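This briefing concerns a single protein chain and one position within it. Please consult the sequence and the structure shown here before reading the points that follow.

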Amino acid sequence: MAGSSHGHTPAAWTGVTIAFIGFCVAGAFMVMDQPAGFWAGMVVVLLGGVVGGIMRMMGLGQPKELHKPHRMTGDREPARAEG
């Protein structure tokens, strides 16, 4: 993934940071046995995805045409036998 700059954009960093904060909030409230706080944290996790998606649509994400998609194992040509 490092070779394709996967996730190195403001949209990705912002969305992941918001989701991580929501995960921490939900985890803390789960340990404190407070269901309302847990669900509030889960809403923040979902909000991270929404914010990241909106930022990507605003042009702050990685453009799709920047890199060709990676070839999967099934897409490769079979290895030739040397001989």
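In this predicted model, G48 has a relative accessible area of 1%, and it is therefore classed as buried, the cut-off being under 20%. The residue is found in helix 2, which spans residues 35-60. Its surroundings, the annotated segments and the totals for the chain are set out below.

**Surroundings of G48**
- Leaving aside residues up to four places away in sequence, G48 touches G15, I18 and A19.
- One of these contacts, I18, is 30 residues from G48 in sequence, yet the C-alpha atoms of G48 and I18 are 4.7 Å apart in space.

**Annotated segments**
- An unreviewed UniProt entry carries the annotation "transmembrane region" for residues 12-32 and 38-58.
- Residues 38-58 are 100% helix and 0% strand, with 31 Å between the end C-alpha atoms.

**The chain as a whole**
- The secondary structure consists of two helices and zero strands.
- Of the 83 residues in the chain, 14% are buried, and G48 is one of the buried residues.
- When contacts between residues at least 6 apart in sequence are considered, 65% of them join residues at least 24 apart.
- The chain exposes about 6900 Å², of which carbon and sulfur atoms supply 68%.

How values were computed:
Residues numbered from 1 in each chain as written. Predicted model: local features only at pLDDT ≥ 70, side-chain atom pairs only at ≥ 80, totals over all residues. Heavy atoms only, no water. Helix = DSSP H or I, 4+ residues; strand = E, 2+ residues; numbered from the N terminus. Buried < 20%, exposed > 50% of the residue type's maximum accessible area, 1.4 Å probe, protein only. Contact = heavy atoms within 4.5 Å. Areas by Shrake-Rupley, 256 points an atom, 1.4 Å probe, with all protein chains shown as cover. UniProt positions renumbered as here; feature names shortened; annotations may be inferred.
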